[in-house]
Amino acid sequence: MPKRNVTKKTLHTRVRRGIKNTVVPHKKNGYRPHLIRGTGIAVVVTVVVAAQLLSGLVPRGTILGNETDVTMERLLAATNEQRVRQGEAPLTLDQKLNYAATEKAHDMLAGQYWAHVSPSGATPWTWFKKAGYHYSYAGENLAKGFLTSSGVVTAWMNSTEHRDNVLNEHYTNVGFAVVNGSLDGESTNIIVALYGRPVAKTAVATGETVLAATDEPMSLAAHLGVALQSMSPAVLTSLLLTIFTIFIALTAHMYRKKLPKQVRQTWRRHHGLYKAVGMSSLAVVLLALYGGGQI
């Protein structure tokens, strides 16, 4: 057999053996896959931390140390994506509504409140009037503390009243505001969406008004959806690696009775379970970090 083929075959054998030792519990690795040993766990944690740094977290943060990409343009794109998907016409960005939304956001920060109606009694329609936007239909959605525009819209789509505003067939315009500040002592971003359908300037604004509920608890599914939408490819890859590590740890736990006797008599008997719990905690932290926000 030619030397090159022998070398190639040897390399393939070593690679297969290495993969098997890394992720499969068997007699030759003592039923302790290398991935869930000390070095393997350290590598996984390093990858997760590196993914956060590559995604721009902490060093340049704007919300609790986290950088966001919530912008008017991306909110508009995410909103219209949902509308087109449901057979509704896309909305156009209106400068008067942008101004009204910005004024409302600044008023909430100045007055330290989180509601459609201010403590002084100002309704959302106050800001429509101030901006000179005369409407036949109008609505408002609020959000705060989100890292991505897609995360904001995903959360709205998981709430009936917010979803109704996003998809309302009567609306033709929308205005957004994204304002960073401190609310109740916490650094956050305030997102205001004002939807409308204009009428003639001389018309009286007595049309239908649709308010979305504020301070609505997000479901677990909504948090998960927001987290997945908010993750960069690097962070999502690190989450998948963490989940894979959990699977390997639980598989190793199933082989605990085959561990050497001296190992079974120590805490290492349940090493797979302990590491699965630890990795699960890391996964939960990642999901909590990216699945936050309030609507």
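Q: What makes Leu224, Leu228, Leu236, Leu240 and Ile243 a nonpolar patch on the surface?
A: In this predicted model, these five side chains form a nonpolar patch with about 420 Å² of accessible area together. Membership calls for over 30% relative accessible area, no salt bridge, and nonpolar side chains joined within 5 Å. The helices α8 (220–230) and α9 (233–254) each supply at least two residues of the patch, and the largest share, three residues, comes from α9.

Q: Why is leucine 224 called partly exposed?
A: Happy to walk through that one. Leucine 224, which lies in helix α8, has a relative accessibility of 42%. Partly exposed covers the range between the buried limit of 20% and the exposed limit of 50%, so leucine 224 at 42% counts as partly exposed.

Q: Why is the pair of tryptophan 125 and phenylalanine 128 called tilted?
A: The structure holds seven aromatic pairs, and this is one of them. A pair of aromatic rings is described by the distance of the centres and the angle of the planes. For tryptophan 125 and phenylalanine 128 the centres are 5.4 Å apart and the planes are at 45°.

Q: Why are tryptophan 125 and phenylalanine 128 separated by about one helical turn?
A: Both sit in helix α5 (residues 124–131), and they are three residues apart there, so about one helical turn separates them.

Q: How do you know whether tryptophan 125 is buried or exposed? And what about phenylalanine 128?
A: Buried means under 20% relative accessible area. Tryptophan 125 comes in at 16%, so it counts as buried. Phenylalanine 128, at 0%, counts as buried too.

Q: Why is the pair of tryptophan 125 and tyrosine 135 called tilted?
A: Here the ring centres are 5.9 Å apart and the planes are at 45°, so this pair is tilted. The pair links distant parts of the chain, with tryptophan 125 in helix α5 and tyrosine 135 in strand β2 (residues 135–144), 10 residues apart. Tyrosine 135 has 6% relative accessibility and therefore counts as buried. Ring pairs link Trp125, Phe128, Tyr133 and Tyr135 into a cluster.

Q: How do you know that lysine 144 lies over the face of tryptophan 114?
A: A charge over a ring must be within 6 Å of the ring centre and within 35 degrees of the ring normal. Lysine 144 is at 5.0 Å from the ring centre of tryptophan 114 and lies over its face.

Q: Why is leucine 167 called buried?
A: Leucine 167, in helix α7 (residues 160–167), has a relative accessible area of 14%. The cut-off is under 20%, so leucine 167 is buried. Leaving aside neighbours within four places in sequence, leucine 167 is in contact with Gln82, Arg83, Gln86, Glu88 and Met157. The C-alpha atoms of leucine 167 and leucine 91 are separated by 9.8 Å, although the two residues are 76 apart along the chain.

Q: What makes up the protein as a whole, in helices and strands?
A: The protein has 11 helices and five strands. Of its 295 residues, 41% count as buried. The accessible surface comes to about 15400 Å², and 59% of that belongs to carbon and sulfur atoms.

How values were computed
Residues are numbered from 1 along each chain as its sequence is written. This is a predicted model: local features need pLDDT of at least 70, side-chain atom pairs count only at pLDDT 80 or more; totals for chains, interfaces and linings use all residues. Side-chain values use heavy atoms; hydrogens and water are left out. Patches are made of residues with over 30% relative accessible area and no salt bridge: like charges are joined within 9 Å, nonpolar side chains (Val, Leu, Ile, Met, Phe, Trp, Tyr) within 5 Å. Accessible areas come from the Shrake-Rupley method with a 1.4 Å probe; for residues, only the protein chains shown count as cover. A salt bridge is a side-chain nitrogen of Lys or Arg within 4 Å of a carboxyl oxygen of Asp or Glu. Helices (H or I, at least four residues) and strands (E, at least two) are DSSP runs, numbered from the N terminus. Buried means under 20% relative accessible area, exposed over 50%, partly exposed in between (1.4 Å probe, protein chains only). Rings of Phe, Tyr and Trp (its six-membered ring) pair if their centres lie within 6.5 Å; planes under 30 degrees apart count as stacked, over 60 as edge-to-face and the rest as tilted. Contact means heavy atoms within 4.5 Å.
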